[in-house]
Amino acid sequence: MSSGGASTTSAAGGTSTGADGTTSTSFWRNNSRTIPGRPTTVTNRIGSSRAIGSSSSGGNSSFQDYQDSVSDAWDLGDDEFCIISGVVDTRISKRASQTAALNVIKTHKSGTSGSGAARPQNSVYLDASDSKDSPPTGRTEQQQSVDDTHVAAELRIENLDIQPPSQQPQHQQQSNDGVSYVNDQRLRQRFHAYPGRPQLLKLSSNVASKDVECESKYEKFSNILEAPLLNLIALKELSWSGVPRKMRAVTWRLLSGYLPTSLERRQTVLERKRVDYRKLVQQYFNAECRDECQQDTYRQIHIDVPRMNPHVALFQQKLVQEMFERILFIWAIRHPASGYVQGINDLVTPFFIVFLQEAVGPDKDLEQCQLSDLSIEQRDIIESDSFWCLSKFLDCIQDNYIFAQLGIQAKVNQLKELIQRIDGTLHRHLQMHGVDYLQFSFRWMNNLLTRELPLYCTIRLWDTYLAESDGFAVFQLYVCAAFLLHWREQLLQEKDFQGLMLLLQNLPTHNWMDSHIGVLVAEAFRLKFTYADAPKHLEAKS
């Protein structure tokens, strides 16, 4: 409350007027970012926003508006709002979006969609002229012209289809701009935010991999892979910038050291290693053969596996979870120095997806894939190849998972020293607000950024990791440094510990594509080239 009548506050609580007659927004308008528990602005009409509580009719309850805006204060996983893909910082009430969607579908179904350009039947639009309580009516040409002129007056929710199951087409439809629209069941999977969960959006998107899908690259890979004696150095150099999807499975087997370079020996080695894995499962996975320590390991794996991706149907299939349990348990038995550590379960996922894609075909949508549709032989191949590639992949970072995870602690300290020398301003900003590097970068190191990036981006990143000539253990440090520096401007805008941690633990990478990973690894290479051969840069100050 102001004293002496120096300022007055509107009844709605949205704006305040100072003594000089100027009007300024209230405290909740200072930060435009949407933070759980903070009041937000409501878009009354597209293109014009009002503060929570400001009333246009005088009859609305400002308190009710404010209460609704902060109802997510204690639930970071709340999906009260849907993030609109491709529109930054734009949010729309789920109730309004569903109401508009059902109205549009009803209108199209009755054949009274009105004049003007036809829209994709499976897309939902919220127009400035549409009311949440009244169904859309026929549009005049003038209204259509206004909508086409002002892009902000029309917000498209991508990948949404709320048709009844009986009316859903077998194939995804596409709009004129090539955007595909998928069913409503996947909408919740896509838009529901799980802090610290892997972002499995566009699991098998052709758009996401368009940067590496080119004929010239296919030809280069084919020439290398079909040679009687593989040139592994040439394969690494070519794979560093990304591997085409059709070539990825065999390339990963070769880069990880699972397959020999001799073409004539590959099939023999594959068959022998797959048989060896089945023998390991028969010997160690039987519950009657486990001692108490092994039983504790299995119990922890059994708890962790269902938690990996609870919002993705593929990973909730019983066959998939049993496959992950066997892979992780056998790996833990064969690596007693570390055993099973939480986070290793996430590292199986990229291998599983790559080999599953090979089994079902490069054009198959994995989100709708049923593992039970595959033969037992195909499932055994996916499982055994995932196990052996995971084992080879983790060999160079074994110290990350030993007792106390000393390898990760050392890398976190190195990251701190590196950022301090690269960007002192950012380092001091984090330190000033009490942010410890261990609080956010431990997960980056432990899970190799799988929980920070969409899965297809993780797979693209691992193309580069596997292609690193000296192993990716050192390169991972510079990838994390480049990743942190990428968010420099957003981090410097945060002025408290809570805001910094919310951003660092939920970085907005849901729209990232292969091109973003290409820039990230290029920047990491630049940092490595500059600092890796200068040991003083990574030594603590005396």
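## A walk through the helices

Start by selecting helix α13 and helix α14: Lys416, Ile419, Gln420 and Ile422 in α13 meet Gly424, His427 and Gln431 in α14. Meeting, or contact, here means heavy atoms within 4.5 Å. Sorted by class, this contact has two nonpolar, four polar and one charged residues. The classes work like this: Ala, Val, Leu, Ile, Met, Phe, Trp, Tyr, Cys and Pro are nonpolar, Asp, Glu, Lys and Arg are charged, and the others, Gly among them, are polar.

Before moving on, a word about what is on your screen. This is a predicted model, in which local features need pLDDT of at least 70 and side-chain atom pairs count only at pLDDT 80 or more, while totals for chains, interfaces and linings use all residues. Residues are numbered from 1 along each chain as its sequence is written, and side-chain values use heavy atoms, with hydrogens and water left out.

**Stop 1: the α13 and α14 axes.** Color residues 406-422 (α13) and 424-432 (α14); their axes come within 5 Å and cross at roughly 125 degrees. Axes are lines fitted to C-alpha atoms, for helices over the stretch in contact, and angles run from 0 to 180 degrees between N-to-C directions. That angle makes α13 oblique to α14, since angles under 35 degrees count as roughly parallel, over 145 as roughly antiparallel, 65 to 115 as roughly perpendicular and the rest as oblique.

Stop 2: Select alanine 404, in the loop between α12 (376-394) and α13. Alanine 404 is not a glycine, yet it has a positive phi of about 70 degrees. Is it buried or exposed, or in between? At 39% relative accessibility, alanine 404 is partly exposed; buried means under 20% relative accessible area, exposed over 50%, and partly exposed in between (1.4 Å probe, protein chains only).

Stop 3: Now pick leucine 449, in the loop between α15 (437-447) and α16. Leucine 449 also has a positive phi, near 65 degrees, but leucine 449 is buried, at 0% relative accessible area.

**Stop 4: helix α16.** Show residues 455-467 and find threonine 464 in this helix. Threonine 464 is buried, at 0% relative accessibility. Leaving aside residues up to four places away in sequence, threonine 464 touches Ser239, Trp240, Phe475 and Val521.

**Stop 5: helices α5 and α6.** Select residues 215-225 (α5) and 232-239 (α6), which pack at about 160 degrees with their axes 10 Å apart. That makes α5 roughly antiparallel to α6. Lys217, Lys220, Phe221, Ile224 and Leu225 in α5 meet Ala234, Leu235, Leu238 and Ser239 in α6. This contact divides into six nonpolar, one polar and two charged residues.

**Last stop: the whole chain.** Zoom out to 20 helices and 11 strands; helices (H or I, at least four residues) and strands (E, at least two) are DSSP runs, numbered from the N terminus. Of the 542 residues, 48% are buried.
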